Amino acid sequence: MIDYKGQCLCGLITYNAPEKPKYIFNCHCTICRKRSGAPYTTWLIYKTDEVVISEEHLSYFESNPNVVRGFCKNCGTDISWKNIEKSNWIGVTCGTAKYQNLLTPSANIWVQSKLNWVQLDPNLKTYPRGPFE
């Protein structure tokens with residue numbers, strides 16, 4: 001059995017989950033693009049009680065109302081996303097996962113904001129906004 005774990009660039013923040021994430025989304029919203037400096041961010045979505053994140057070096061930023069993003073105070077790696085109103089779910093960035101090749105996205109979200117040169121995989125579900133809206 002694989003533990004789904006990961007860490008920030010400097011290793012001061014780690015996380016561990018006993019199972020695969022419930023959902024894996026490529027988010028194309030403008031905030032994810034600005035936050036990551038990439039055309040989209042792939043999020044591993046877990047129930048809050050299914051993932052343990054070491055928080056000693058974690059800092060939070062409220063990127064928009066009711067949404068906080070966690071990052072490492074030391075190296076700046078983006079680690080987490082959490083909607084305070086939907087507090088039973090948390091996302092961690094796929095780029096920090098140890099076994100990234102075992103994790104396949106199931107959908108593209110916020111495609112109404114995607115960059116026009118990004119080609120979407122036609123085999124994935126597509127949502128103009130978030131999947132739960």
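Helices (H or I, at least four residues) and strands (E, at least two) are taken as DSSP runs and numbered from the N terminus. The model is predicted, and local features need pLDDT of at least 70, side-chain atom pairs count only at pLDDT 80 or more, and totals for chains, interfaces and linings use all residues. Residues are numbered from 1 along each chain as its sequence is written, and side-chain values use heavy atoms, with hydrogens and water left out.

**Figure 1. Overall fold of the predicted protein.** The protein contains 1 helix and 11 strands, arranged along the sequence as β-β-β-α-β-β-β-β-β-β-β-β. Along the principal axes, the C-alpha trace spans about 40 × 35 × 25 Å. The radius of gyration, taken over C-alpha atoms, is 14 Å; this agrees with the value near 14 Å for a compact globule of 133 residues, the rule being 2.2 Å times the number of residues to the power 0.38. Among contacts (heavy atoms within 4.5 Å) between residues at least 6 apart in sequence, 52% join residues at least 24 apart.

**Figure 2. Surface and confidence of the model.** The protein exposes about 7700 Å², of which carbon and sulfur atoms supply 51%; areas come from the Shrake-Rupley method with a 1.4 Å probe, and for residues only the protein chains shown count as cover. Buried residues (under 20% relative accessible area; exposed is over 50%, partly exposed in between) make up 39% of the 133 residues. The mean positions of the 15 positive and 11 negative charges lie 6 Å apart. Here Lys (placed at NZ) and Arg (CZ) count as positive, Asp (CG) and Glu (CD) as negative, and His and the chain ends are not counted. The pLDDT (the predictor's confidence in each residue, from 0 to 100) averages 93, and 98% of the residues score at least 70. Among the elements, strand β6 (residues 58-64) has the lowest mean pLDDT, 91, whereas strand β10 (residues 107-109) has the highest, 97.

**Figure 3. Surroundings of Thr96.** Thr96 belongs to the loop between β9 (89-93) and β10. Thr96 counts as buried because its relative accessibility is 9%. Beyond its neighbours within four places in sequence, Thr96 is in contact with Lys5, Gly6, Gln7, Tyr15, Thr77, Asp78 and Ile79.

**Figure 4. Lys125 in strand β11.** Strand β11 (residues 125-126) includes Lys125, which counts as exposed at 54% relative accessibility. With residues up to four places away in sequence not counted, Lys125 touches Ser106, Ala107 and Asn108. Phe25 is 100 residues from Lys125 along the chain, and the C-alpha atoms of these two residues are separated by 9.5 Å.

Figure 5. Val118 and His28 are 90 residues apart in sequence, with a C-alpha to C-alpha distance of 9.4 Å. Trp110 is also placed in the loop between β10 and β11. Phi of Trp110 is near 55 degrees, a positive value in a residue other than glycine.

**Figure 6. Backbone at Asn66.** Most residues other than glycine have a negative phi. Asn66, although not a glycine, has a positive phi of about 70 degrees. Asn66 is located in the loop between β6 and β7 (67-72). With a relative accessible area of 28%, Asn66 is partly exposed.

Conventions: Buried < 20%, exposed > 50% of the residue type's maximum accessible area, 1.4 Å probe, protein only.
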